[in-house]
Number of protein chains: 2
Amino acid sequence: MPNQWIVVFRAICKHARHAALLQSIADTLEWDERTGMPIAAGDYRAEQVSTLRAMTHEHLTKPCYGEWLESASQAIGDQDPHSHEATTVRELLRDWKRNCRLPVDLVKRMSEATVKGQQIWDVARKADSFASFQPQLTEIVSLKREIGSLLADGGDAYGALVDEYEPGVSVKSLSEVFAELRGPLVHLVAKLQCSNKQPKVSLLQRQFPIDGQRKLSHYVAEAIGFDFTRGRLSETSHPFCTRLGPDDCRILSRYDGHWLPAGLYGTMHEAGHGMYEQGLPRDWYGLPPGSYTSLGIHESQSRLWENQVGRSKAFWTWLFPKAKEIFPAALSDCTVEDVHFAVNAVRPSLIRVEADEATYNLHVIIRFELERALIGGELVVGDLPGAWNDAYRDCLGIVSPTAADGVLQDVHWSAGLFGYFPTYTLGNLAAAQLFATAKQQIGTLDEQMSSGNFGELLAWLAANVHRFGRCLTGEEIVQKATQKPLSASPLLRSLETRYEQLFG
Amino acid sequence: MPNQWIVVFRAICKHARHAALLQSIADTLEWDERTGMPIAAGDYRAEQVSTLRAMTHEHLTKPCYGEWLESASQAIGDQDPHSHEATTVRELLRDWKRNCRLPVDLVKRMSEATVKGQQIWDVARKADSFASFQPQLTEIVSLKREIGSLLADGGDAYGALVDEYEPGVSVKSLSEVFAELRGPLVHLVAKLQCSNKQPKVSLLQRQFPIDGQRKLSHYVAEAIGFDFTRGRLSETSHPFCTRLGPDDCRILSRYDGHWLPAGLYGTMHEAGHGMYEQGLPRDWYGLPPGSYTSLGIHESQSRLWENQVGRSKAFWTWLFPKAKEIFPAALSDCTVEDVHFAVNAVRPSLIRVEADEATYNLHVIIRFELERALIGGELVVGDLPGAWNDAYRDCLGIVSPTAADGVLQDVHWSAGLFGYFPTYTLGNLAAAQLFATAKQQIGTLDEQMSSGNFGELLAWLAANVHRFGRCLTGEEIVQKATQKPLSASPLLRSLETRYEQLFG
């Protein structure tokens, strides 16, 4: 029996790895598409990618594969559920069942609705007209409710959608932790607006030649530990991170000649994602123990490097001389304090992707509440613009004069991504909680960072987060590493402490 | 019957196009591999590519596909053999039969021998030791003879190997045209060495900043007609051209900060290849009418732009002011005549890839004669180094002191590429012959080029070469366009005229 189990287990792994190989090829084509592919090449590229995706789908839905997974799952007995083997079988079976639960026809309708949805959204946003997007969004919400209900098997539809991105997290616990965060954040943001001490943000808008920014980004990514023998930094219009093989992680940044933070923090953010991917067990590439566990944990790694590290005084103590060397014209009359204060500016603003660290989570909480109500049926799409504006007035004290900069600003809903937004804030919360523990356990982290030494922090993250792959859920990782469930306090404390030092 | 023919024809096209799509994906991965892929990513990349190549092979050797081709071929009757439909069936059947003629085991042994061959060659070249390469080369030659004999079906083995790259060309005609070329070239090169007037080559070795070279290369490639909406110029260590879809042609160049011709002519050469690919009937992509007809014709397009255009006085009359603007420090004290003379320097040298336009073909003819003797059995591998040195003494008057810069300099034989070298010189001959006819028919080509207008020349090439795909062989294209069979005279005449003006 154990011998036979091994045979089946190996067949499962081989099958899943072949699917991962096909996926990785499609991902490579998509990376290429976003890094300078000739404009006329789009149609054929779409054909190449969809052929590979269809091959993958066909491969993963072969009946024999489901039978192997069922039989392996029954035979696994009382093995440690967090072992690589048990995780492989459990998670692949979970994926398989999920694939089987959704009728092919529904998946196809959803896919068509979102392709169309993104096109209509794009036009509607340019025309600043929610009305012309409303029918399509109504259709998408209705399909997502149907999908959520099927996945939830009678349970909460929105919860099932969140579970797609953040396995194991309940809407109840999300609501609780977001409620814990919302009030204090609103209060904090309002208070900072009244401070007499304000940063000189304009110094970050001086001229920062792109070539210098490339150099600085590469320098920082390498220093914090992104492994360039197993990865690469390129440029694109919408930065992202993608992994094309066990030793091939691509991060992409974007530079703005008159806004230093875009490129620098874009790179640190993507490098954080990249180091997580590089820290996953490479020999389990293509299988659950070698894959990221949730979007929240992924985002915790990017946010940790971007905000907890990149906006700290210690980090700037190290980087400032180098930045001044690269940009003598822009920074010669500044102090390290000026720059550190400027990158920590807080201003309520309309656009989520341009928001600062404090207000960002308010943007996310607004979307979480609205989409939960939409999927739950308490809010109809026609009332969404009004509800959006009310929420912005409540949380940030501002209202967008246009739909384009309001309810139409994000691509997510048009693409069917309901349940995705909360993972951004989960990531920020986990980043702060993990970083606080790391700092406590390492002891001299500030001193290390001040002298450009980030190795011990990365090793801590590798040991406490990266190495588990999908063997632990996001919640389990945070609990195990910090000995506490995820909560809002560490993030609030970290913001309050930092801002108090800066704004007085 | 005609209706049924259409059904079969469509099935054939669909089948072949799917194989082309898989190939194009593998080619994209290889392009990526050579343009900055992380070093550690090589193993997995090899797995991705070999999976795709195996899928393609499996797809192309399905028995039903062969049956469709046989039946379509019989049903095609007296259709014009150069029509797109007849060409599709004839050429795909040719490819199919070729694939079937070689036993799988032999293909596998050949593949293993050449993978090993290239590794051993690499080490042997670094160690400057022909002896350590000799056993493997002996094995490769023996396998190639076997393959050649099978493909020739009892006929001349070397001829069958040449036919792989240059369909329809006989070894006899190659020998004749090369013999026509060899004597006059040897004489011309010797004569130029004695001239009192010699170019100042050193001016091309001044400092030419890489960024400026990139700009110049892009400027020239765009001006001569490479379509950047359907293509892209990147950098790599060994320049090449590859097509990743109907509207996605990638050319790659390499820049040397102290040798202007490397980047400029590398780019023009690859852009010439690229414009041929861009001129093939795009709607027949993935099928013979949309594919290049032979390596010789491909090379004729690269050489035409590199040498016939790029080394002409008219071209430099146009480009010189721009080059001076980009490289004021390097070129301020030069005249257009100085630069034009310098890019036309002639010097017998040891290394083929660094050879000038006049001596290049002698390097190729040496290889053609040696490899023909090896495959024919008149020369044994053990005698190759001596024969190599004798040939260099004869043709170029120089002998390499090392095997590394002599018989071991090229990768081709270690990779099993016998019959490939002649296509380089066929390309040079065809380039000169086509260009002479184009010049005659266009009339004012020199005036057009002097003012940076290359559109009429490109249109002539598109109409007389590109648009035929595999509907015509290389020989047929040259005959139809120039009303003469391929001969050595146009190349010799073009070199003699240009050099007479320069060297006096």
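In chain A of this predicted model, strand E1 and strand E3 (residues 249-253) run parallel and are joined over 5 bridges. Strands count as paired if DSSP finds at least two bridges between them; helices (H or I, at least four residues) and strands (E, at least two) are DSSP runs numbered from the N terminus. Local features need pLDDT of at least 70 and side-chain atom pairs count only at pLDDT 80 or more, while totals for chains, interfaces and linings use all residues. Residues are numbered from 1 along each chain as its sequence is written, chains are lettered from A in the order in which they are written, and side-chain values use heavy atoms, with hydrogens and water left out.

**The sheet of chain A**

- Chain A holds an open sheet of 3 strands, ordered E1-E3-E2, with mixed pairing.
- Strands E1 and E2 (241-243) of chain A each have a single partner strand, so one side of each is left without a neighbour in the sheet.
- On average, neighbouring strands of this sheet are turned by 20° against each other, direction ignored.
- A:Ser234 has A:Leu252, in E3(A), as its bridge partner.
- Helix H10 (residues 260-279) of chain A lies across E1, E2 and E3 of chain A and runs at about 165° to E3(A). Such angles run from 0 to 180 degrees between N-to-C directions, with axes fitted as lines to C-alpha atoms, for helices over the stretch in contact.

**The sheet of chain B**

- In chain B, 3 strands form an open sheet in the order E1-E3-E2, and the pairing is mixed.
- Its edge strands are E1 (231-235) and E2 (241-243) of chain B, each of which pairs on one side only.
- The twist from one strand to the next averages 20°.
- E2(B) and strand E3 (residues 249-253) of chain B are antiparallel partners over 3 bridges.
- B:Cys241 stands opposite B:Ile251, a residue of E3(B).
- Helix H10 (residues 260-279) of chain B lies across E1, E2 and E3 of chain B, at about 165° to E3(B).

**The interface of chain A and chain B**

- Contact, meaning heavy atoms within 4.5 Å, links 37 residues of chain A with 37 residues of chain B.
- The two chains bury about 2600 Å² between them, and carbon and sulfur atoms give 63% of this area. Buried area is the accessible area (1.4 Å probe) that two parts lose on being put together, summed over both.
- A:Leu21, A:Pro38 and A:Tyr44 supply 22% of the area that chain A buries against chain B, more than any other three residues.
- The rule finds 14 residue pairs in polar contact across this interface, both residues being at pLDDT 80 or more. A polar contact is a pair of N or O atoms within 3.5 Å; within protein, one must be able to donate a hydrogen and the other to accept it, and residues adjacent in sequence count only if both atoms are side-chain atoms.
- Helix H1 (2-33), helix H2 (42-60) and strand E1 (231-235) of chain A are the elements that give two or more residues to the side of chain A that touches chain B.
- H1(A) gives the most to that side, with 10 residues.

**Salt bridges**

- A salt bridge is a side-chain nitrogen of Lys or Arg within 4 Å of a carboxyl oxygen of Asp or Glu, and the count over all chains is 72.
- Across the interface of chain A and chain B there are 4 salt bridges; B:Arg250 and A:Asp32 meet in a salt bridge at 2.7 Å, N to O.
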